[in-house]
Number of protein chains: 2
Amino acid sequence: MVPTSSRETAAPADAEPRPDLRELAAALEGTPAEQGLRERKKRARRAALIDAAQQLVTAHGLDAVTVEMISAEAGVSARTFFNYFETKDDAVLGAEDVGLSEEDIRTFVRGGPTGRLLSDLQSLVASLLTPHAETHGQTVRAMDLLQREPRLLQRHVVWMDRHETQLVELFEARRAVKPFSAGNELLTMLVLLLIRTTFVAWENAGYTGGPADHLPAAVAQLVDLVAVDLGS
Amino acid sequence: MVPTSSRETAAPADAEPRPDLRELAAALEGTPAEQGLRERKKRARRAALIDAAQQLVTAHGLDAVTVEMISAEAGVSARTFFNYFETKDDAVLGAEDVGLSEEDIRTFVRGGPTGRLLSDLQSLVASLLTPHAETHGQTVRAMDLLQREPRLLQRHVVWMDRHETQLVELFEARRAVKPFSAGNELLTMLVLLLIRTTFVAWENAGYTGGPADHLPAAVAQLVDLVAVDLGS
DNA sequence: CTAATTCTTGCACTGCACGCAAAAATTCAT
DNA sequence: ATGAATTTTTGCGTGCAGTGCAAGAATTAG
């Protein structure tokens, strides 16, 4: 709103009327001596926007919060918001574009690590889930909001969407090496199911450890469900 | 846009300047001697809107089609569109609010029909899927569009959302009668997974029969996937 | 210190979705 | 059939999400 002339370079502390709250925090916590100023500011702004979004939505609900409010709270223009996030929901969730590493892909395709599809799928999901450990606080708040505002789950699906091509290629590649009967769509949905179930389990456990720690429990639930039916 | 004075009562064919295409179709096919005129027109408009939406999106893609275009094509105002559908996507999918019958609910809750959770879940999904047999043509087109425009899958999730409360209640009620280990979220996601997998299987089979006919195959895929892992 | 690069910002615009009240269409009672 | 009651359509106005564009500010490179 008020144009805060950002100046967190190590300059003399002259009469600066508006030392914006969040920009200040940025200078401090954002891994101080990392890269260029540009990079640091980018991270800071991104974090500020996520914080603002989560805080406002927690207080007033998703529909009562506008992008303008979030931007104002974070001290940037509304237009800038969309330089950082595609949608309002993405900011609330602190959406990071996590992808699979080359390593993970190679292992999975060549039938690894265990040779059993479900178990290997579990490994794949595990490596998708681990990066979240960095932004722990934001992820936790995102999970809470995901319960209160189920509409946000849509974004999760969009994420699937974006990576569906990659996933399908992955499945096809492995199928060529080590055939299996399950269809691509089932596997894709299964990944989504595991991610969601894992997050819920993590939440129920009071957010102990990382999300990936609760993946085995999620898989166990599924296996048990099927096993009971088999042993009729 | 142009106010077409609809008059498809069995009136004399006087000089009617605009015998709108779709309204005409309505008088013919819409189960002619059913209920009141109002009801028939409602169905007709709804069908016209879905047809228009699907046709336009098939031709130009989802993002190139506006609600105004759809409404114009169907011969109603844009405002009226939203009397029939909550979103543009709903019209494209021909979204019907299918719910579970009292009968289905009672059976499931008291541990039926088979007593095995997965099998009973299958029955539940089956009864969710059967009503689609009526609007066969529209459903088929919707499935095709769902492939070309994955964004539409979001709507599927919203549907889940809306019925999640009902589903969770269902699960809880059954849990009280016949305990099981699987969490509500896993079961909810499983329902979604089964629906999606079934539709895909139906599509791959060239839309033979009804969607529900391919549900067993979907379940089999899942069971097989788990079974292979168990028999390690 | 200057030039090149990158990022932010304001402005304008399209489109979705909804509330409201007037007008049109349909049903109902007689 | 006619007029009243009800339901539905429609036009108008509003708010908000999201995007393209070009000017200007900040950062970096030389």
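## Before we start

This is a predicted model, in which local features need pLDDT of at least 70, side-chain atom pairs count only at pLDDT 80 or more, and totals for chains, interfaces and linings use all residues. Residues are numbered from 1 along each chain as its sequence is written, chains are lettered from A and ligands numbered from 1 in the order in which they are written, and side-chain values use heavy atoms, with hydrogens and water left out.

## Empty space inside

Rolling a probe the size of a water molecule over the atoms shows where empty space is left. A cavity here is a set of points, on a 1 Å grid over the protein atoms alone, where a 1.4 Å probe fits but cannot get out; its lining residues have an atom within 4 Å of a point. Grid points are joined across faces, edges and corners, and a volume is the space filled by probe spheres set on the points. Six cavities of 30 Å³ or more turn up by this rule.

The largest cavity has a volume of about 140 Å³. Its lining includes A:Met160, A:Glu185, B:Leu153 and B:Arg196. Helix 9 (153–177) and helix 10 (184–204) of chain A, and helix 9 (153–177) and helix 10 (184–204) of chain B, each give at least two residues to this lining. Helices are DSSP runs (H or I, at least four residues), numbered from the N terminus. By type, the lining has seven nonpolar, one polar and four charged residues. Nonpolar covers Ala, Val, Leu, Ile, Met, Phe, Trp, Tyr, Cys and Pro; charged covers Asp, Glu, Lys and Arg; polar covers the others, Gly among them.

The second largest cavity holds about 110 Å³ of space. Among the residues lining it are A:Leu153, A:Arg196, B:Met160 and B:Glu185. Helix 9 and helix 10 of chain B are the elements that give two or more residues to this lining.

## Beside DNA strand D

Now for some polar contacts (pairs of N or O atoms within 3.5 Å). A polar side-chain atom of B:Tyr84 is 2.4 Å from a phosphate oxygen of DNA strand D.

Technical notes. 1 Å grid on protein atoms, 1.4 Å probe; cavity = no way out; pocket = protein on both sides within 12 Å on 5 of 7 lines; lining within 4 Å. Polar contact = N/O pair within 3.5 Å; in protein donor to acceptor, adjacent residues only side chain to side chain.
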